[in-house]
Amino acid sequence: MAAPKKYPDELKARAVRLYRESDPKPTIRKLASRLGVHHEALRLWIRQAEAGERDDRPTTDMLAENRALKKKVAQLERVNDILRSASAYFASELGQTRR
């Protein structure tokens with residue numbers, strides 16, 4: 001069974017709307033205290049609301065894919081180093097047997 005929500009959805013939507021429509025932007029801490037919510041909760045709500053709108057931040061899926069690709073690149077670089085070393089070794093052995 002899921003834990004009950006601490007803050008209603010209407011409050012979250014209102015808080016994000018107030019933050020976005022304010023000019024100049026208030027500090028999150030001050031706005032949160034005015035609304036009676038924890039400042040980290042408000043910061044998270046604002047970030048979640050912006051997540052779908054911003055293209056300059058990678059998504060969670062993109063970050064996971066980047067991590068996987070970095071691991072794959074590192075593995076392929078190790079394999080290439082081994083193959084280069086083996087190639088150099090066999091080339092030197094071949095050169096010694098032809099003398």
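**Figure 1. Helix α3 and its span.** Helix α3 covers residues 39–51. Its 13 residues should span 18 Å at 1.5 Å a residue, and the end C-alpha atoms are 18 Å apart, which agrees. The expected span is 1.5 Å times one less than the number of residues. Helices here are DSSP runs (H or I, at least four residues), numbered from the N terminus. The model is predicted: local features need pLDDT of at least 70, side-chain atom pairs count only at pLDDT 80 or more, and totals for chains, interfaces and linings use all residues. Residues are numbered from 1 along each chain as its sequence is written, and side-chain values use heavy atoms, with hydrogens and water left out.

Figure 2. Ala 41, Leu 42, Trp 45 and Ile 46 are the buried residues of α3. Seen down the helix axis, they fall within an arc of 135°, so they line one face of the helix. The arc is taken from the directions from the helix axis to the C-beta atoms. On the other side, Gln 48 and Ala 51 are exposed. Buried means under 20% relative accessible area, exposed over 50%, and partly exposed in between (1.4 Å probe, protein chains only). The buried residues of α3 pack against α1 (9–21) and α2 (28–35).

**Figure 3. The largest nonpolar core.** This core has 13 residues. Tyr 7, Val 37, Leu 42 and Trp 45 have the most contacts inside it. Helices α1, α2 and α3 are the elements that give two or more residues to this core. A nonpolar core is a set of buried Ala, Val, Leu, Ile, Met, Phe, Trp, Tyr and Cys residues joined through side-chain atoms within 4.5 Å. Val 37 touches Tyr 7, Leu 11, Ala 32, Leu 42 and Trp 45, not counting residues up to four places away in sequence. Contact means heavy atoms within 4.5 Å.

Figure 4. Arg 43 pairs with Glu 40, with the closest N and O atoms 2.8 Å apart. A salt bridge puts a side-chain nitrogen of Lys or Arg within 4 Å of a carboxyl oxygen of Asp or Glu. The two residues are three apart in α3, so about one helical turn separates them. Arg 43 is partly exposed, at 31% relative accessibility. Glu 40 is also partly exposed, at 35%.

**Figure 5. Salt bridge in α4.** The whole structure holds two salt bridges. Here the side chains of Arg 84 and Asp 81 meet (2.8 Å, N to O). They lie three residues apart in helix α4 (residues 60–97), about one helical turn. Arg 84 is exposed, at 54% relative accessibility. Asp 81 is partly exposed, at 42%.
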